[in-house]
Amino acid sequence: MSMIPEETVDQVRESADLVGLIGEAVELKRTGSDYRGPCPFHGGTHRNFAVIPKKNRYYCFVCHASGDVFSWLMKRFGMDYPTAVREAARRAGIVIPETPGRSGPDPREPLFEAVAVAQDWFTRQLLESPEAADPRAYLEGREITLDTAGEHGLGYAPPGRGFLTAMKELGLDDKVLLEAGLTAQREDGKVVPRFRARLLFPIHDLRGRAVGFGGRLLVPGEPKYLNSPESPIFHKGKQLYNLHQAKTAIRKEESVILVEGYFDVFRLVLAGVEHVVAPLGTALTGDQAGLLRRFARTATLLYDSDQAGLRATFRGGDELLRHGVRVRVATMPEGEDPDTLVRKGGAAALQPILEDGIDLLERKIQLLERKGWFEGVEHQREALDRLLPTIRAAADPITRDLYLKTVSERTGVSREVLREQAAARAAAPPAPPDAPTPSRGRPVAPVRRRRPGLEVAAERLLLWVMLRDRSWIPKAATEVPVEWFETPVLRELYEAMLRSPENVQSAIFLEHLSPLAQKALARVDGYEAKYGSPDLDRAFVDACRSLEARPLRKKLDEIKALRDGRSITAENFDTIVQEEREIRNKLSAIFPEELLKRKLRRGDVDAR
Ligand SMILES: [Zn+2]
């Protein structure tokens, strides 16, 4: 058997005549835009079973059976998923292109099945269990009706071990449950349900199969949101909440709205805004940005206006720019999120906010301006440092050019210099040697004969600063690209800290780290005891400069090796000299005091 392309699966789902197909088994009558009939799943006699052509879905208001054309065929006729797709395609007259692929059934099939069975059970708990009175009240408080919750497959994971018993009774294998991330094994070997006392949002892959859950805790405790762990079918950095439903609308609108939370997505969808998705509890990743680029050319970021929201906005925005997506930022009124806003005023309340959205770089400039960052040379330099990452990120040449123009006009720095800076990954433009700069007089890592391991120490030092004082994390996020970390385990730590700055060192944070990274974290944490307590500000700057200079120094070493090996010829002499000069200029920009010293040695400047 071959793989069926995802686009074909979508096409089949959208072309399926669900009313006709279900009508063969159920006597359906039109009610408004839907069709109603007695439910074949619980054997009802009243018209509680709805087929909703607009959504290509069916739903029973009594037993809460729900699904699409494929799940109908699977549940009614016992077909497996690929067979159901083929059958639905045959009925819709769609030819499935046979692409060569893995032969035999998908080995992940049992995991999909386990998550589907679990989701069904969780939904039933939410809607029916006496234990679920609180979550039902909670939803009511957020103005979400039970029918709506059921229709969208929301669920409730009760506290205790009821889930384990139920899954056993349904014949699910312990190993499969563990691999699907539905259970967790504690250190003492005891297996427990992963989700307890949580309201669950099902997360689907692009084909609409449930692959995991996002769970909101409904009792006091931490963490407030818990996702399924990585599994062969769930990848939180590569999937997006609601993309399976939203993708058609996104294609149609040629645009996507990104929000932070599951409730935000849910609320917008209920209000009829369908082209909306959310990352899965982390900052938007490159993979997610790439995925969105397949469906949309532009994105609107609709995050909270608090510090965390802004951080997420700019990180996510830069990722999207890197993938050639144009980014607008819509600003929520203070203290509101999309959920609360739309709950009060409907989609109409959202419209003006979306319309007032401005370009990502403009938004950055606006914020810097408000803080007075364009006044005075020193400040302006820092403002530039904050804008450069966004210019760098812009993969689309036109966007990039416009950005260079805008920043040049705003700061008075020429476009050529900006372009060079953006290309060089240099964080600081060269300062005139006679201007007092904040970095003057600081100890400098030597350019030559550096100690091996010095930059690894810089990686650790940077992490230590971020650990010591969390407020450095957002600064690092805008200024220190992940690639500067060359030690894999330290890079893992860095990425983890950027992902969940508020959880750093909590149990859940540690749980997501590899054992090696956990050890590294302990070492970084013990830095102070070993080396004393350096000034944070200085440590941060020194570590950054050291890391930024590393690739340049490597390049210089290579050139030096060429020279020593007498591989320099008349042909390549000019190029190499030119290259060396450029690298030295860039290093001087990073270490202006080095330049000053060299000039002093040569007598270029007055030594007074
Ligand atoms: Zn039913």
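Arg13 is buried, at a relative accessible area of 13% (buried means under 20% relative accessible area, exposed over 50%, partly exposed in between, with a 1.4 Å probe and protein chains only). This is a predicted model, in which local features need pLDDT of at least 70 and side-chain atom pairs count only at pLDDT 80 or more, while totals for chains, interfaces and linings use all residues. Residues are numbered from 1 along each chain as its sequence is written, and side-chain values use heavy atoms, with hydrogens and water left out.

Arg13 forms a salt bridge with Asp68, with 2.9 Å between the closest N and O atoms (a salt bridge is a side-chain nitrogen of Lys or Arg within 4 Å of a carboxyl oxygen of Asp or Glu). Arg13 lies in helix α1 and Asp68 in the loop between β5 (66-67) and α3, so the pair ties together parts 55 residues apart in sequence. Asp68 also counts as buried, at 12% relative accessibility. A salt-bridge network links Asp10, Arg13, Asp68 and Lys247.

## Packing of helix α1

Helix α1 spans residues 6-15, and its buried residues are Glu6, Thr8, Val9, Asp10, Val12 and Arg13. Helices (H or I, at least four residues) and strands (E, at least two) are DSSP runs, numbered from the N terminus. The buried residues of α1 pack against α3 (69-77), α4 (81-92) and α10 (243-253), where contact means heavy atoms within 4.5 Å.

Strand β1 (residues 29-31) pairs with β2 in the antiparallel sense over three bridges; two strands pair if DSSP finds at least two bridges between them. Tyr35 in β2 is the bridge partner of Arg30. The hairpin of β1 and β2 has two residues between the strands, and Gly32 takes a positive phi near 65 degrees there.

Strand β2 is also joined to β3 (residues 49-52) by three bridges, again antiparallel, and Ala50 in β3 is the bridge partner of Arg36. In a regular strand the side chains alternate between the two faces of the sheet. In β2 (residues 34-37), Tyr35 and Gly37 form the covered face, and Asp34 and Arg36 the uncovered one.

## Other salt bridges

The whole structure holds 33 salt bridges. One of them joins the side chains of Glu502 and Arg311 at 4.0 Å, N to O. Glu502 sits in the loop between α21 (488-499) and α22 (507-511), and Arg311 in helix α13 (residues 307-322), 191 residues apart. Glu502 is exposed, with a relative accessible area of 54%.

Lys555 and Glu558 meet in a salt bridge at 3.5 Å, N to O. Both lie in helix α25 (residues 536-564), three residues apart, about one turn of the helix. Lys555 is partly exposed at 32% relative accessible area, and Glu558 is partly exposed at 45%.
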